[in-house]
Amino acid sequence: LALKWHPDKNLENAEEAAEQFKLIQAAYDVLSDPQERAWYDNHREALLKGGVRGEYQDDSLDLLQYFTVTCYSGYGDEEKGFYVVYRNIFEMIVKEEMECKNEEATEEFPTFGDSQSDYDTVVHPFYAYWQSFCTQKNFAWKEEYDTRQASNRWEKRAMEKENKKTRDKARKERNELVRELVAFIRKRDRRVQAHRKLVEEQNAEKAKKVEQLRRQQKLQQAKLAEQYKEQSWITMSELEKELQQMEAEYEKEFGDGSDYSEEMKEVEEEQQTEGQNDKASDDPN
């Protein structure tokens, strides 16, 4: 460009060439100074759209007008339908973000889809991203101070600090506004409502199966307890029968014990009688 607009090579258009060559020299001076280059990089968007001294007009999409059900008509895929209206809005937001995006950034923006979009592959990824949206705009045009006008480094640092507060506040407000719009849309999205209903039905079916399984386990446990009780009673009955059988066999072999007791009683009585007779024989009277 310097060679193209050099005054010596544009004698027929010397005035315009001189002006252009002057701008080229100024641009070269900026690129050669790291601080100047950094300032222009940070204010690139504002400079391209009008300047940084208050005359800049932010042409970002006004999202407040879409916080109402009157901005769409029905939930079909017609031009004024819910899905077309809000798909166009987010495409415009993406366009604005792409204009401010760093050349090295490779972030992708999930699409809003249409009324028939699959929940898992389109709807869920869209809301997962936009519910935590963070703008890439730097809002440099919101700055109150031109740091190039600082008289010393301390004044410059103070200006930069105040400018950063202003930019951060504007960025936060933009993020919150987009996220609030996403929440407004999600609440009315028929695809989300259908998915929520499906999940509730699936959970109810699972709960029903769990309850049935619990009842079956309870009945099984009661049945096992009854079987154990019956088996225990049968076992005791069998033991009693075996004991009675053993007693019967013992009595059969050795008697029931009553005859032995009577014989022992007769022996004792005979011994007592003999003892009395012997005493009477020994008495001389």
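## Lys165 and Glu162

Lys165 has a relative accessible area of 48% and is partly exposed, a class lying between buried (under 20% relative accessible area) and exposed (over 50%), computed with a 1.4 Å probe on protein chains only. Glu162 is likewise partly exposed, at 34%. The two side chains form a salt bridge with an N to O distance of 3.8 Å; the term denotes a side-chain nitrogen of Lys or Arg within 4 Å of a carboxyl oxygen of Asp or Glu.

Lys165 and Glu162 are three residues apart in helix H6 (residues 153–188), a separation of about one helical turn. Helices are DSSP runs (H or I, at least four residues), numbered from the N terminus.

## Basis of the model

This is a predicted model, in which local features need pLDDT of at least 70 and side-chain atom pairs count only at pLDDT 80 or more, while totals for chains, interfaces and linings use all residues. Residues are numbered from 1 along each chain as its sequence is written, and side-chain values use heavy atoms, with hydrogens and water left out.

## The pairs of Asp168

Asp168 is partly exposed at 30% relative accessibility. Its salt bridge with Lys164 has its closest N and O atoms 2.8 Å apart, and these residues are four apart in helix H6, about one helical turn. Lys164 is partly exposed at 45%.

Asp168 also forms a salt bridge with Arg171, at 3.0 Å from N to O. Asp168 and Arg171 lie three residues apart in helix H6, about one turn. Arg171 is partly exposed, with 24% relative accessibility.

## Wider set

The structure holds nine salt bridges.

Conventions: Helices (H or I, at least four residues) and strands (E, at least two) are DSSP runs, numbered from the N terminus.
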